[in-house]
Amino acid sequence: MKVLLTGGSGFVAQHCLRLLLKHGHDVVTTVRSAEKGQQLLSANPGLPTTKLSYVIVKDIAEPNAFDKAIISSPPFAAVLHTASPFHYAATDFENDMLKPAVNGTLNILNAIKAHAPEIKKVVVTSSFAAIINMQSPPEVYDESMWNPISWEQAQTNGAMAYVGSKKFAEKAARDFMAVEKPGFALATVNPVLVFGPIMEGSLTSLNAVNTSNVVFRDMIQGRMKDGITNGSFSWVDVRDVAAMHVAALEKSEADGQRFIAAAGRYSNSEIASIIKKHFPSLQDKLPEHIELESSKAGYGIDNSSAEKILGVKFRDLAHAVVDTVDSLLKVEA
Ligand code: NDP
């Protein structure tokens, strides 16, 4: 089928793009510049423009941002919306984070409703941030739950702004479906922190590494040589996240559903230990002795629908760490 993929230059999106092509789909992707579009074409060489092409959408938050992309080369069968700002450095919380996420999501849904009645499926990359409850976590999280964060609380710091942006963007999408009753079905993928290899050729400097892989960059550059920063959360491999997006597009059983993407827990010290074990050349970038911090949380996450409905089997942490570090070392070289 022909798929419109928004934010094709992103870390998660590049894996989705690769997998969509592998599954035989045609892809038109939105990027913010011709340079980023050309980079994607070079990373997936030898394809005719009917198989892979790009449309420039400079800012997803602008009114009618996606209209041109949707009208560009009909008929599309499905849309995969990944584009959204992901960093913790916003200072103008509403304009840099909350509004782009929410308006970007509404813009793509409105564009489809107005211009592409043939589209039957939309998958939106939401986040576990839309589910987590930092004040009173349940014993086990599942897909029925929502982060209670308010618009005001989302404006207290950069991290809260990102978390809020994902909750309010998904909420806007779900409300759109309930009110507008469009002719397409919606599914969301809600990943925890996504680790995994970056696509070859996608980075010219490790300074630009995507937010969720920063910890790997810091470790291999010796920034934690004097001690591994405490840190522990839930993680998932980007290749499994991509597989969930593509399965959610392809399977009608996914219609209307939310899918938590979570492989397990990690701590920074576990990551460092795995790097030490597998990369002798990086020994001097890490502390001589690594004190293992527990990665246990006071709550569980039910990730069973990803396996049951989407057929995804999650990779383990060592596999993800080794492949991520390998990919970053190639950029450094
Ligand atoms: P990236 O920063 O690598 O990708 C984000 C993409 O969105 C980029 O293509 C970026 O373009 C684009 N984008 C951001 N803001 C705008 C804007 N205003 N106008 C146009 N394009 C924009 O992040 P990830 O790949 O990690 O994230 C992809 C999606 O996955 C996001 O929705 C994120 O919230 C979600 N997610 C990610 C997780 C993770 O741990 N990585 C966890 C849970 C959810 P450009 O690069 O040109 O700025």
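Start by selecting Val3. Beyond its neighbours within four places in sequence, Val3 is in contact (C-beta atoms, placed from the backbone, within 7 Å) with Leu20, His25, Val27, Phe76, Ala77, Ala78, Val79, Leu80 and Leu249. Residues are numbered from 1 along each chain as its sequence is written. This is a predicted model: local features need pLDDT of at least 70, side-chain atom pairs count only at pLDDT 80 or more, and totals for chains, interfaces and linings use all residues.

Next, the core. The largest nonpolar core has 103 residues. Such a core is a set of buried Ala, Val, Leu, Ile, Met, Phe, Trp, Tyr and Cys residues joined through C-beta atoms within 7 Å. Buried means that 20 or more other C-beta atoms lie within 10 Å of a residue's own, with C-beta atoms placed from the backbone. Val3, Val79, Met244, Ala248 and Ala261 have the most contacts inside this core.

Of its 7 residues, 6 are buried, so E7 is largely enclosed by the rest of the structure. Strand E5 (121-125) runs parallel to E7, joined by 5 bridges. Find Val122: its bridge partner in E7 is Leu186. E7 also runs parallel to strand E10 (258-261), through 4 bridges. There, Thr188 stands opposite Arg258.

Move to helix H8, 268-278. Its buried residues are Asn268, Ser269, Glu270, Ile271, Ala272 and Ile275. Their cover includes helix H6 (214-220), strand E11 (264-267) and helix H10 (317-332).

Definitions and conventions: A residue is buried if 20 or more other C-beta atoms lie within 10 Å of its own, exposed if 12 or fewer, and partly exposed in between; C-beta atoms are placed from the backbone. Two residues are in contact if their C-beta atoms, placed from the backbone, lie within 7 Å. Helices (H or I, at least four residues) and strands (E, at least two) are DSSP runs, numbered from the N terminus. Two strands pair if DSSP finds at least two bridges between them.
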